[in-house]
Amino acid sequence: MSPVFNFSAGPAVLPREVLLEVQKEMLDWHGSGMSVMEMSHRGREFMHIAAEAEEDLRAIMGIPKNYKVLFLQGGATTQFAMVPMNLLRGRGGIDFVDTGHWSKLAMKEARKFADTVRVAASSEDRGYTYVPAEANWQIDPKAAYLHYTSNETLGGVEFPFVPNTGEVPLVCDMSSNFLSRPVDVSRFGLIYGGAQKNIGPAGLTIVIVREDLLGQVAPGTPTMFDYKIQAEGDSMYNTPPTFAIYVAGLVFKWVQRQGGLKAIEQRNIEKAAMLYESVDTSNGFYTCPVEKPFRSRMNVPFKLADENLDESFIKEASARNLLQIKGHRVTGGMRASIYNAMPLEGVKALTGFMQDFAKHHG
Ligand code: PMP
C-alpha cells in the first residue's frame, strides 16, 4: 500500500506494483547488467521491450492490423499541431466539438494550419457542463476530420458514447481516459494521448492512426512530425523516450493482470459512483456542476459551498495523506482525479474525509 493517495490530474498515480518492478529492475534489467535508461534503443534488449509494449497495447485495446501505433514525444499538445499537418490532406477545413479547455486549445492550434476550423457542436452555452446531443451536431461532410476530446480533464466532462461521423474521419484526444474503458478502435481515424495519466511517465505520447490516412503530409512538415516516417521507422526515426516506453509496457501488463479494459472499467465505474454519491448526498456542502450523464469517471471536479473553507479542506486532506486535490487554477475548487491506478481504498479514504469535514464545518 502506498503511504499516500495521490489525486493529481497528471502526471498521476501509477500502479504501486509497477513502480516496485521498476525499482527491482532499475540497476539490472533481466540480467543485462544495466538500467533500461542506459540501453541503446537499437539494441536487442530495448527493441524487445518496445515490440512487446506495442503488442500488449494492441491486445488490450484490440487495435486492428490496419492501424499504426506510434510512441512519440511532445505530449498531446504537440498532437494539436501534428494531427492537422498530417490529416488535412489538402482539404481546407476541420470540424471540432468544443467541450471546454482542451478542445479549445486543440482548436486554437489547428487554426494555424487549416483554412477553416468549424465548431460542429459546443457546450459553451451551459458553461461546458455537458456533451452536446449528437443529433444536433452540424458536421461538414467535406471536413478533413472531426476532432473531439473524450474526457475534458479540467471540466470533468466525459463522452459516454463514441460519435458517429460517417465518412468523416474521427479524431480523438483521449489523453485523460485512455485505457479506462473498452473502445472500438475501428471507429476512429486517429486516437492520441499523453502518457502521464493512465499509461506511464510524462514524455511519451501515443498515437494510433489508420494507415490509409498517412502519406499526405503538408509540404514543409518537419520530418519528426510526419506520422508516415515515424511509422516506417517503428517510432525510432530518432531516439524514442525509452524509459517511458518501458514503464508503459509494464503498465500494459498490469492492465492485463487486472482483467483487461472491461474489468478496469467496472472498477472505474464503482470508484466514480462512490465519489459522486458523496458529493450528491452532502446537502449542498459539496457540488459538482457537471450534468449527470456526462460526469467523468477519471476527473471529479467539485466545489465547497463556502469557498472560504477551501484552504482548510486542502490542508486537512493532506494531513490525512490525501494529496493534490486542489482544482486547476482556471476552474478553482477541488478536483480529484481517480485514474486506473487509484485504488478503491483511496476513494473510500477521500469520501470518508469529505463526510467528516462536512460534519465539522457544515
Ligand atoms: N489534452 C488533454 C485532455 C489533457 O488532459 C492534457 C493534459 N492535461 C493535454 C491535452 C495536454 O497534454 P500534454 O501536457 O501532454 O501536452
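How many residues of domain 1 are in contact with residues of domain 2? In this predicted model, 25 residues of domain 1 are in contact with 25 residues of domain 2. On the domain 1 side, strand E7 (157-158) and helix H6 each supply at least two of the touching residues. By class, this side of domain 1 has nine nonpolar, 13 polar and three charged residues. The domain assignment places domain 1 at residues 16-258 and domain 2 at residues 260-361. Taken over C-alpha atoms, the two domain centres are separated by 27 Å.

A UniProt record, an unreviewed entry, lists residues 4-350 as "domain: Aminotransferase class V". Over this range the chain is 32% helix and 17% strand.

The largest nonpolar core holds 108 residues. Leu190, Val207, Val209, Ile245, Ala248, Leu275 and Ile338 touch the most other members. Helix H6 (residues 242-257) gives the most to this core, with ten residues. Domain 1 (16-258) and domain 2 (260-361) each contribute at least three residues to the core. In soluble globular proteins, nonpolar side chains tend to be buried together. Ile338 illustrates the packing. Beyond residues up to four places away in sequence, Ile338 touches Phe7, Lys271, Ala272, Leu275, Met298, Val300 and Val347. One of these partners, Leu275, is itself listed among the core members that touch the most others.

The ligand shell comprises Gly10, Gly75, Ala76, Thr77, Trp102, Thr149, Thr153, Asp173, Ser175, Ser176 and Gly194. By class, two of the shell residues are nonpolar, eight are polar and one is charged. Helix H3 (residues 75-87) gives the most to the shell, with three residues.

Two annotated positions were located in the model. The unreviewed UniProt entry annotates Lys197 as "modified residue: N6-(pyridoxal phosphate)lysine". Lys197 sits in the loop between strand E9 (190-194) and strand E10 (205-210). Lys197 counts as buried because 31 other C-beta atoms lie within 10 Å. Leaving aside residues up to four places away in sequence, Lys197 touches Gly10, Ala12, Ser175, Ser176, Phe178 and Tyr339. Of these partners, Gly10, Ser175 and Ser176 also belong to the ligand shell.

The unreviewed UniProt entry gives the annotation "binding site" for Arg42. Arg42 is found in the loop between helix H1 (16-25) and helix H2 (44-61). Arg42 has 9 other C-beta atoms within 10 Å, so Arg42 counts as exposed.

Some backbone features stand apart. Most residues other than glycine have a negative phi, and most peptide bonds are trans. Gly10 and Pro11 are joined by a cis peptide bond, with omega about -10°. Pro11 lies in the loop between strand E1 (5-6) and H1. Gly10 is also one of the residues around the ligand.

Tyr128 is not a glycine, yet its phi is positive, near 55°. Tyr128 lies in the loop between strand E4 (116-122) and strand E5 (146-149). Tyr128 is buried because 24 other C-beta atoms lie within 10 Å. Asp234 also has a positive phi, about 50°. Asp234 is placed in the loop between H5 and H6. With 16 other C-beta atoms within 10 Å, Asp234 is partly exposed.

Leu214 lies in the loop between E10 and helix H5 (227-232). Leu214 has 20 C-beta neighbours inside 10 Å and therefore counts as buried, since the cut-off for burial is 20 or more. Leu214 and Leu87 are 127 residues apart along the chain, and their C-alpha atoms are separated by 7.5 Å.

Ala273 is in helix H7 (residues 260-280). Ala273 counts as partly exposed, with 13 C-beta neighbours inside 10 Å. Between Ala273 and Ala202 there are 71 residues of separation in sequence and 28 Å in space, C-alpha to C-alpha.

Terms used: Residues are numbered from 1 along each chain as its sequence is written. This is a predicted model: local features need pLDDT of at least 70, side-chain atom pairs count only at pLDDT 80 or more; totals for chains, interfaces and linings use all residues. A residue is near a molecule or strand if its C-beta atom, placed from the backbone, lies within 6 Å of it. Helices (H or I, at least four residues) and strands (E, at least two) are DSSP runs, numbered from the N terminus. Ala, Val, Leu, Ile, Met, Phe, Trp, Tyr, Cys and Pro count as nonpolar, Asp, Glu, Lys and Arg as charged, and the others, Gly among them, as polar. A nonpolar core is a set of buried Ala, Val, Leu, Ile, Met, Phe, Trp, Tyr and Cys residues joined through C-beta atoms within 7 Å. A residue is buried if 20 or more other C-beta atoms lie within 10 Å of its own, exposed if 12 or fewer, and partly exposed in between; C-beta atoms are placed from the backbone. Domain bounds come from an automatic or database domain assignment. Two residues are in contact if their C-beta atoms, placed from the backbone, lie within 7 Å. UniProt positions are given in the numbering used here, feature names are shortened, and annotations may be inferred rather than shown by experiment.
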